[in-house]
2 protein chains.
Amino acid sequence: MKLAKLFALVALCIVSLSLSALAADPLSSWNNGKAKQSIVAFVEKVTKEGSPDFIPMAERIATFDNDGTLWAEQPIYFQAFFVLDRIKALAPQHPEWQDKEPFTSVLKGDVKAAMAGGEHALLEMAMATHTGMTTEEFYTTVTDWIATAKHPKTERLYTEMLYQPMLELLTYLRANGFKTFIVSGGGVEFMRPWTERVYGIPPEQVIGSSIKTKFEMRDDKPVLVRLPEINFIDNKAGKPVGINSYIGRRPIAAFGNSDGDLQMLQWTTAGAGARLALIVHHTDAEREWAYDRKSSIGQLDKALDEAKSKGWTVVDMKNDWKVIFPFEQK
Amino acid sequence: MKLAKLFALVALCIVSLSLSALAADPLSSWNNGKAKQSIVAFVEKVTKEGSPDFIPMAERIATFDNDGTLWAEQPIYFQAFFVLDRIKALAPQHPEWQDKEPFTSVLKGDVKAAMAGGEHALLEMAMATHTGMTTEEFYTTVTDWIATAKHPKTERLYTEMLYQPMLELLTYLRANGFKTFIVSGGGVEFMRPWTERVYGIPPEQVIGSSIKTKFEMRDDKPVLVRLPEINFIDNKAGKPVGINSYIGRRPIAAFGNSDGDLQMLQWTTAGAGARLALIVHHTDAEREWAYDRKSSIGQLDKALDEAKSKGWTVVDMKNDWKVIFPFEQK
C-alpha cells in the first residue's frame, strides 16, 4: 500500500495545484473592462466541448504582431536601433561610409537626417547590416546585441520593454490549447534568437520579413549566406500571405496594433466560426507613448475605423492595462 | 480516504499502461538490423537526461522528405498523377489544349510524350493546374482528389501507399519529444490538406515548394489567389534554405531517399552534437520498386556515396522492412 499512498499524495498535490491555478487570474494585469471580457468570453466558448463554438485544439492558431503589440516600438522600431548600432560597429571596416549617406548621418549621430532618405535609405542600411554574413554569424550578432543594448528613454534592455498584459495573454492562450505565432513586419532572423526565451514562442512559430539565403560549402562545411535581396515583406497584405505560406491554416485569433495588421485581422475574421480580432491602441503618453492616426511608426488609422465598424476588440492601454512593462511590477 | 484510493487506482493504471507501452516494440515493422539499431541508439542517447549527448526537447527537430521517403513515388511522383487528372478535368474549359503540347498528349493518354517536353512542359502543366484559383478552392480540389484517386499499379488510394515502418518512426520520434516536419520538393499546398490525417504532421510543419499568392478582396471577402509564379523550390540546396526560413533551427535528424535530400542531410549533420542522417534505399522490386543511381524519379547517386563515406544510416528496404505498405498487414 505504500506505493498507492505515494501516488495518492501526488495526485492530491496535482489537484490542489490545479485548483489554486484556477483561482488565480491568468490575466491579472488587465482591468476588468470590455477588452478583457471579450478575450475571456472568446476563449471560454471555443474551448468548451459541446459548445456550438467549440474549436478543436489543432485549429486554435493565434497570431501576434510584434512591434507595438508584444513589445514597444517608439521612438523608432527597435530593429532600427539595431541597424544604427551595427552601422557604428561596422564603420571601421567601411571607410567609404564617412562620405556616403545615410551612413554619414548615422555616424554623426543624426538619426533624423539619416531617416530623411526614406524607404530607400532604410533598405540600404538594412542590407548593409543584415546581409553578407552566414546565418550563424548573424544569429550571434543579434544575440549579443539583444543581451546588452538599452533603450534610450527607459534605459532598459529592449526585452524588458515587453507588454506584461500581452505576456499573460500568450500564456493564457497556450494554457487553453492555442498555438501562438508571431507574424511581424520585422526581420524573422532578428526575432528568432530571443522570442523563445522572452515570449515562449519557438523560432518555428515566428514569421517575419526576410532576405534570401544561399546554401554553399565553405571548407567542406555547409553554410547559409545572407544575400542582399529581399525575399518576403511580411506586412499589410503580406501578412495573410505569410500566414498561408508558413502556417497553412487560418488563425482563429489575431492581435495587432497598426494598419500593418489590418489584412491579418480581415483574413482571420473572414473564417467560419468564432473569431477574435484585437487591436492594441497606444493611449498612454505617461507610462508608454500615445499615438495612432498620424504616427509614422505604428500608424493606426484604417484599422481603427474597421475595428469600430466590425466590432473588433480595441485595447485602450491607459484604461485596460494595470501595468505596461514587467519592470513596473517590481 | 475514498478520493485518495481512487487517485491511487488511476495512478496505478497509468503506470501499468506505460509499462505495457514500453514492452511493445514501437518499430515493430523494422527487422533488427543496423538501420533500426542506429535509430534506437540515437533516440536513446539524445533523450537520456544527464547523457553527454542529451538534447533538450525544444531542439529535437526531425525533417522528413516526402516522395520516396514517407510515401511511394513510382512510376511518377504522385503529384504528377494529380496534374494529369486535373488536365483531364479542366480540358472542357480549355478547348485550346486540344492543339497544344504537352496538353494534347496528356488528353490522348500519352504521358510519355507529354513528359518529353522536360522541365518546361512540367512547369507549364503545373501552372495550368495549380494556379488561378483561391487557396481555398485549391484545398478543396486536392482534398477531393486525394480521397478518391487511385494508383494505377496497386489500385490503392495514394494515402494507402505510405511506408508503414516510416509511420512507426514518426510516432516513435514524437513519443520521444521530437517535432516532426516534412521538407519536400512537392507542392506545399498539395500536401497540407492531408498530412495531418495520414502522418500526424500539421500544416504548419509542412515545408514544400510553393507558388506566389496574392491577397485581395472579392465581394468584401478577403481571398488569397494562387499566381502562376514560382515562389520557392524546396529541393536540393533549397532544402536547407527552406528549413532555415520556415523552422529557423537546425534539425538534429533528417530522413531522405534521393540526391534531392543531400544538402538537407549535410546541413543536419554539420550541427554540433549527436545527429542522425538516414537514407531510404529502394531495393525491393517485388514489394515496391528498386531504383537508385539511374532513376529519373528519386535518383540516389551522390547521396548514396556520401552516406557510405560519412557513415549515415542507409535503409535497405528489402531487408530492413518487414512490411512496406500498411495494407500488407491486413
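A residue counts as buried when under 20% of its relative accessible area is left, as exposed when over 50% is, and as partly exposed in between (1.4 Å probe, protein chains only). Keep that in mind as we walk through this predicted model, in which local features need pLDDT of at least 70, side-chain atom pairs count only at pLDDT 80 or more, and totals for chains, interfaces and linings use all residues. Residues are numbered from 1 along each chain as its sequence is written, chains are lettered from A and ligands numbered from 1 in the order in which they are written, and side-chain values use heavy atoms, leaving out hydrogens and water.

Let's start with helix α6 of chain A, residues 118-130. Helices (H or I, at least four residues) and strands (E, at least two) are DSSP runs, numbered from the N terminus. From first C-alpha to last, α6(A) reaches 18 Å, close to the 18 Å expected at 1.5 Å a residue; the expected span is 1.5 Å times one less than the number of residues. Its buried residues are Ala121(A), Met125(A), Met127(A), Thr129(A) and His130(A). They pack against several elements of chain A, including α3 (78-90), α7 (135-148) and β3 (206-218), with contact meaning heavy atoms within 4.5 Å. Just after α6(A), Gly132(A) has a positive phi of about 100°.

The helix turns up again in the second largest pocket, where α6(A) gives the largest share of the lining, 7 residues. On a 1 Å grid over the protein atoms alone, a pocket is an open set of points with protein on both sides within 12 Å along at least five of seven lines, a cavity is a set where a 1.4 Å probe fits but cannot get out, and lining residues have an atom within 4 Å of a point. This pocket has a volume of about 1,400 Å³, and among its 43 lining residues, Tyr77(A), Leu122(A), Gly185(A), Gly186(A) and Asn235(A) lie nearest its centre.

Chain A and chain B each bring 41 residues to the contact. The area buried between them is about 3,600 Å², with 58% from carbon and sulfur atoms; buried area is the accessible area (1.4 Å probe) that two parts lose on being put together, summed over both. In chain B, Glu204(B), Phe215(B) and Tyr246(B) lose the most area to chain A, together 17% of what that side buries.

Methods: Grid points are joined across faces, edges and corners, and a volume is the space filled by probe spheres set on the points.
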